[in-house]
Amino acid sequence: MRRWNWPLWTGLLLSIAAFVSYFTVFSRWPITRDVPWFSALVFVIAIALLIKGVRRANRKILAGIVAALGVAIFAVFGFFTMVLAKQLPSASNAPRVGQKAPGFTLPDSNGRSVSLSQLQTNSQRGVLLIFYRGYW
Amino acid sequence: MGVTPVAISVDEPQVSENLRKKAGYTFLFLSDPNTETIRRYDLLHKGAGQHGHDIARPAEFLVDRSGTVRWVNLTEDLRVRARPVQMLEAAKTTLP
């Protein structure tokens, strides 16, 4: 009877879980998002299991394909977090410390017009402008 | 702290209002769908949105009451944003 190759399949499952959980869960908190150490740790365990699984497999080709899939998921994760996420425009002409912040008038979420000068006047100490990517 | 936080993106007012309600945010959300202000701050990220829409790259500016920039955070990684403690610290140390 062929024994069930649990390290191989657990490894693949963990690799998928590490990938999905980073985007759905761990990207919520800076401590696990900025440096994805927890996800990387799960990937390391996943790959160790995949290697173990390939070693004990009777059907090496199938095991090799499953292991390659697990490693590929890790590679995509690495590419996104280490390469793609850093492809930002330089913003070299963004206002610097000491310069005047360019004025603007924009609608708020209720459609009312709001200007930067208005915000300055109404604030006690200053205005924190947070530009974000949005949901488009 | 006496600092007014304002979030700016290309999202239409209705989209921001839904986000604001869902997440329970009480601060102001401003809409810049034609990226006029985003471009004036040199923060345009061309084609980075859904269906190749132009959007803003993440950035934070602390502006004092006279309109002078006192602190800037331009991340080099879209996963890494200014943390609330960083912004509070900046407000404490750079604003008059």
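Modeller: Two strands are said to pair if DSSP finds at least two bridges between them, and strands themselves (E, at least two residues), like helices (H or I, at least four residues), are DSSP runs numbered from the N terminus. This is a predicted model, in which local features need pLDDT of at least 70 and side-chain atom pairs count only at pLDDT 80 or more, while totals for chains, interfaces and linings use all residues. Residues are numbered from 1 along each chain as its sequence is written, chains are lettered from A and ligands numbered from 1 in the order in which they are written, and side-chain values use heavy atoms, with hydrogens and water left out.

Biologist: What makes strand 5 and strand 6 of chain B a pair?

Modeller: Strand 5 of chain B is joined to strand 6 (residues 69–73) of chain B by 4 bridges, and the two run antiparallel; the rule asks for at least two bridges, so they pair. Within this pairing, Glu60(B) has Asn73(B) as its bridge partner. The hairpin they form has 4 residues between the strands, and Gly67(B) takes a positive phi near 95 degrees there.

Biologist: Which strands of chain B pair with strand 3 of chain A, and in what sense?

Modeller: Strand 3 of chain A pairs with strand 1 (residues 3–9) of chain B in the parallel sense over 6 bridges, and with strand 5 (residues 59–64) of chain B in the antiparallel sense over 6 bridges. On the side of strand 1 of chain B, Leu129(A) is partnered by Val6(B) and Val127(A) stands opposite Thr4(B), whereas in strand 5 of chain B the residue opposite Gly126(A) is Asp64(B).

Biologist: What makes you call strand 3 of chain A mostly covered?

Modeller: Of its 6 residues, 6 are buried, a word used for under 20% relative accessible area, with exposed meaning over 50% and partly exposed in between (1.4 Å probe, protein chains only). Gly126(A), Leu128(A) and Ile130(A) point one way and Val127(A), Leu129(A) and Phe131(A) the other way, and all are buried.

Biologist: What makes Asp77(B) and Lys86(A) a salt bridge?

Modeller: Their closest N and O atoms are 3.0 Å apart, and the rule wants a side-chain nitrogen of Lys or Arg within 4 Å of a carboxyl oxygen of Asp or Glu, so the pair qualifies. Across the interface of chain A and chain B the rule finds 2 salt bridges. Among the elements that give two or more residues to the side of chain A that touches chain B are helix 4 (60–82) and strand 3 (126–131) of chain A; strand 3 of chain A gives the most, with 6 residues.

Biologist: How many residues does each chain bring to the contact, and how much area is buried?

Modeller: The contact takes 53 residues from chain A and 65 residues from chain B. About 5700 Å² is buried between them, 57% of it on carbon and sulfur atoms, buried area being the accessible area (1.4 Å probe) that two parts lose on being put together, summed over both.

How values were computed
Contact means heavy atoms within 4.5 Å.
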